[in-house]
Amino acid sequence: MQDQNPISEKSREWRGAHPALWIALFGIFIAFAWEMLQLPFYQSAGLSPAEAARRCGLASFGDAGIMVAAYLVASIGNRQCPWLTRFEAWRFAVYLATGLVITAFVEILAVGADWGWTYSESMPLLPGTDIGLVPMLMWIVVPSATLWFARRMGTGPTR
């Protein structure tokens, strides 16, 4: 079924709140779902459901912060209203790369630290590193979905 009011790429305009707001909101909710689903890949034995939800909630706020920061980095030098209006693949690549670098750095610092977390035996590692594959995959899936939702909120339906 076709949209009743299709919007061409050339006439697409941003309306509403700044994309960073939508990225933060959608990012928190989508990341929370991912965080809860990835619990088996972390040492979480003995956590009550409330404590698991609290920890995943805090992590999802951090994830959303990384998404907003990566979006802002990808926006550097942009002269048009939010780059999501006329989606540029290279900006999306910068967005993903920024998040992947930040995520890898956080994983290196946090895994095994007193304030951090520990992987379970089921966590696959990136070859040649001690970085978990699941959090790196998270950075591709969750932020991509978040941008899709943010774009739809700001520009309307896409084809």
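**View 1. The largest pocket holds about 640 Å³ of space.** Closest to its centre, among 25 lining residues, are Glu35, Tyr42, Arg55, Ala59 and Trp117. Here a pocket is an open set of points, on a 1 Å grid over the protein atoms alone, where a 1.4 Å probe fits, with protein on both sides within 12 Å along at least five of seven lines; lining residues have an atom within 4 Å of a point. Points join across faces, edges and corners, and the volume is the space filled by probe spheres set on them. This is a predicted model: local features need pLDDT of at least 70 and side-chain atom pairs 80 or more, while totals for chains, interfaces and linings use all residues. Numbering runs from 1 along each chain as its sequence is written, and side-chain values use heavy atoms, leaving out hydrogens and water.

**View 2. Helix H2 (49-74) meets the largest pocket.** H2 gives the most to the lining, eight residues, and helices H3 (89-110) and H4 (133-155) each supply at least two. Helices are DSSP runs (H or I, at least four residues), numbered from the N terminus.

**View 3. Ala52 sits in helix H2.** Is Ala52 buried or exposed? Ala52 counts as buried because its relative accessibility is 8%, where buried means under 20% relative accessible area and exposed over 50% (1.4 Å probe, protein chains only). Ala52 touches Met36, Leu39 and Leu47, leaving aside residues up to four places away in sequence; contact means heavy atoms within 4.5 Å.
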